[in-house]
Amino acid sequence: MSEELEQLKQELELYKRIINSLPVSFTYTDQQSGLSFRKKENLDVDSSAQLENFRVSMEFIEKQLKPIADLIPHHIVFVNGAGIITLCNSKAASDLRVCAEDMIGKHIRELLKLEDDKILLLETLKTNKTITNREVLDKNYGIMSTHIIVDSEGNLERAIGLFLFLNEVKQAEKQAMAGRIAAGIAHEIRNPLTTVRGYLQLLQGRLDSETANLLNTLLIPEIDRANKIISDFLRIAKPSQTHIEEIEAHSFFTDYLANFLSSEALLHNASIFYSIDPQLLNSRILGDKDELLQVFINLYRNSVQAAENKPLQTRISIEIKGDNISISFSDNGKGIPASELQYIFDPFYSTKDEGTGLGLSISRKIIENHKGSMSVASSEKGTTFLIELPYVKKP
């Protein structure tokens, strides 16, 4: 019996040494016996060393978490006590148009482009209180929650932000609203306009030449213009049936599109430069070539208006990237102010006195109907539209 007791004592001492070697404190309660055990801080290790071990552990954990966080379709950002970013997942970087690696070591305000008093992670750092499902109503609309991690001395070591990005939902709501407005416009305005136009045509033969000329040159064209605005708006607001066919990608850009833009360039004394990936020879696009042509017509006419008094230069670069054809359409115009850039695809938003604000909305709708995407970047040196379209390789 004494030998068994001695062996139990030795095992108990071994367990104690193992537990005491751990650089953290904790409390354990056995559910069966109800007994509790508290592991206190290791007195052989000073507090500064413990804190350093904790920080090293946090950095290791963040490196391990990064690949997992990149798979989550919400924004995940870690900041330290000074508001410096220590982890930024791919979804946050993609939606905010930054490189995740470049954000590490920078202040959270550089990622969000907001004033400090509007950043909820900084609020959590200041108050030491977490936030649960708070609605955010700034330019990045969504739902925000925060969490805090403290070190062994109770000091805040990390604040974690989880942001449910709802800008796309907001955009879908805008489109739904646009559909309802368009239906009302079509019902309340189009029919009276058609009636008025018909009566004006009937009156032409009964009026003197001067009045008849006024009808032809002003009144009827204005009615037609109003009808076109309604038709364009309906193209944005309502789902449309795209005529699907196989389009030879290389031929579309080098012949069909190039021929049209060349004649436009002659009219405006402009220059167009092309850069086309040779791999395009083996690619096809599924879609409607007339609708795709309309996209580039809209982009080119915007470039003409943005050039103002200087010679217009546009560059069209087409290359294969993964499963997509990537098209970059750039000009040397005056650019779009940063404050207006986020609104340019909204229906009826225009920076031009004579514009209806529908051209870019229609263009993006066409690209989305072709299962692609369209984005924009701009500076005082010009504007670049980036279009991604899926393609099919020739068998």
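Six aromatic pairs were counted in this predicted model, where rings of Phe, Tyr and Trp (its six-membered ring) pair if their centres lie within 6.5 Å, with planes under 30 degrees apart counted as stacked, over 60 as edge-to-face and the rest as tilted. One of these pairs, formed by Phe 252 and Tyr 256, is tilted, with 5.9 Å from centre to centre and 35 degrees between the planes. Both residues lie in helix H9 (residues 249-267), and because they are 4 residues apart there, about one helical turn separates them; helices (H or I, at least four residues) and strands (E, at least two) are DSSP runs numbered from the N terminus. Phe 252 is buried at 3% relative accessibility, whereas Tyr 256 is partly exposed at 28%. Here buried denotes under 20% relative accessible area, exposed over 50%, and partly exposed the range in between (1.4 Å probe, protein chains only).

A further tilted pair is formed by Phe 296 and Phe 329, at 6.4 Å from centre to centre and 40 degrees between the planes. Phe 296 belongs to helix H10 (residues 289-307) and Phe 329 to strand E12 (residues 324-331), so the pair ties together parts that are 33 residues apart in sequence. Phe 296 and Phe 329 are both buried. Together with Phe 252, Phe 253 and Tyr 256, these two residues form one aromatic cluster.

Charged side chains were also found over aromatic rings, the criterion being NZ of Lys or CZ of Arg within 6 Å of the ring centre and within 35 degrees of the ring normal. Lys 289 lies over the face of Tyr 256, at 4.8 Å from the ring centre, and Arg 315 over that of Phe 273, at 4.6 Å.

Strand pairing, which requires that DSSP find at least two bridges between two strands, links E5, E6 and E7. Strand E5 (residues 134-136) pairs with strand E6 (residues 142-150) in the antiparallel sense over 3 bridges, and Arg 134 has Met 144 in E6 as its bridge partner.

Residues are numbered from 1 along each chain as its sequence is written. In this predicted model, local features need pLDDT of at least 70 and side-chain atom pairs count only at pLDDT 80 or more, while totals for chains, interfaces and linings use all residues, and side-chain values use heavy atoms, with hydrogens and water left out.
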